Amino acid sequence: SMQPGMQKMMEMKSTGDVDRDFASMMKIHHQMAIDMAQAQIKNGKSPELKAMARKITEDSKKDIGELDKWLAAKK
């Protein structure tokens, strides 16, 4: 589940704006965390790791929302 996100980050062209590039790459990073967490919730056996995966999903969605707000304000 990490491969598509890694490919996206590798293909991303630098804009020359370090802040914008950071925010864009962090969105991909957090989406990868969500994708991995969802796989754990669906297929994992450990209750502790499933609970951690649910928290990671929640936190990462919040972070993506904050990054989206920041990026939208900078257009």
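What share of the contacts in the chain with a separation of 6 or more comes from residues 24 or more positions apart? Counting a contact as heavy atoms within 4.5 Å, the share is 51%. The structure here is a predicted model, in which local features need a pLDDT of at least 70 and side-chain atom pairs count only at pLDDT 80 or more, while totals for chains, interfaces and linings use all residues. Residues are numbered from 1 along each chain as its sequence is written, and side-chain values use heavy atoms, with hydrogens and water left out.

On confidence, the picture is as follows. The pLDDT, the predictor's own confidence in each residue on a scale from 0 to 100, averages 92 over the chain, and 97% of the residues reach 70 or more. Helix α3 (residues 47-73) comes out highest, at a mean of 98, and helix α1 (residues 3-11) lowest, at 75. As a rule, where pLDDT is low, the predicted coordinates should not be read in detail.

The fold is quick to describe. There are 3 helices and 0 strands, so the elements run α-α-α from the N terminus on, where helices (H or I, at least four residues) and strands (E, at least two) are DSSP runs numbered from the N terminus. The C-alpha trace spans about 45 × 25 × 15 Å along its principal axes. Of the 75 residues, 23% count as buried; buried means under 20% relative accessible area, exposed means over 50%, and partly exposed lies in between (1.4 Å probe, protein chains only). The chain exposes about 5,600 Å², with carbon and sulfur atoms supplying 60% of that. These areas come from the Shrake-Rupley method with a 1.4 Å probe, and for residues only the protein chains shown count as cover.

Thr 57 sits in helix α3 and is buried, at 7% relative accessible area. Leaving aside neighbours within four places in sequence, Thr 57 is in contact with Ile 34, Ala 37, Gln 38 and Ile 41. With Gln 38 there is also a polar contact between the side chains, at 3.0 Å. Such a contact is a pair of N or O atoms within 3.5 Å; within protein, one must be able to donate a hydrogen and the other to accept it, and residues adjacent in sequence count only if both atoms are side-chain atoms. The Thr 57 side chain also reaches the backbone oxygen of Ala 53, at 2.9 Å. Met 32 is 25 residues away from Thr 57 along the chain, and their C-alpha atoms are separated by 10.0 Å. His 30, in helix α2 (residues 18-43), is likewise buried, at 13% relative accessibility. Not counting residues up to four places away in sequence, His 30 touches Ser 60, Asp 63, Ile 64 and Leu 67.

Charged pairs come next. Side chains of opposite charge can pair when their charged atoms come close. Taking a salt bridge as a side-chain nitrogen of Lys or Arg within 4 Å of a carboxyl oxygen of Asp or Glu, the count comes to 3. Asp 68 and Lys 27 form one of them, with the closest N and O atoms 2.6 Å apart. This pair links distant parts of the chain, since Asp 68 is in helix α3 and Lys 27 in helix α2, 41 residues apart. Asp 68 is partly exposed, at 33%, and so is Lys 27, at 28%.

The pair of Asp 59 and Lys 55 meets at 2.7 Å, N to O. These two are separated by about one helical turn because they lie 4 residues apart in helix α3. Asp 59 is partly exposed, at 30%, whereas Lys 55 is exposed, at 51%. Lys 62 pairs with Glu 66, the closest N and O atoms being 3.5 Å apart, and both lie in helix α3, 4 residues apart, about one turn of the helix. Lys 62 is exposed, at 54%, and Glu 66 partly exposed, at 42%.

Elsewhere on the surface, Leu 49, Met 52 and Ile 56 form a nonpolar patch with about 260 Å² of accessible area together. Patches are made of residues with over 30% relative accessible area and no salt bridge, with like charges joined within 9 Å and nonpolar side chains (Val, Leu, Ile, Met, Phe, Trp, Tyr) within 5 Å. Ile 56, found in helix α3, is partly exposed, at 33%. Lys 45, in the loop between α2 and α3, is exposed, at 76%.
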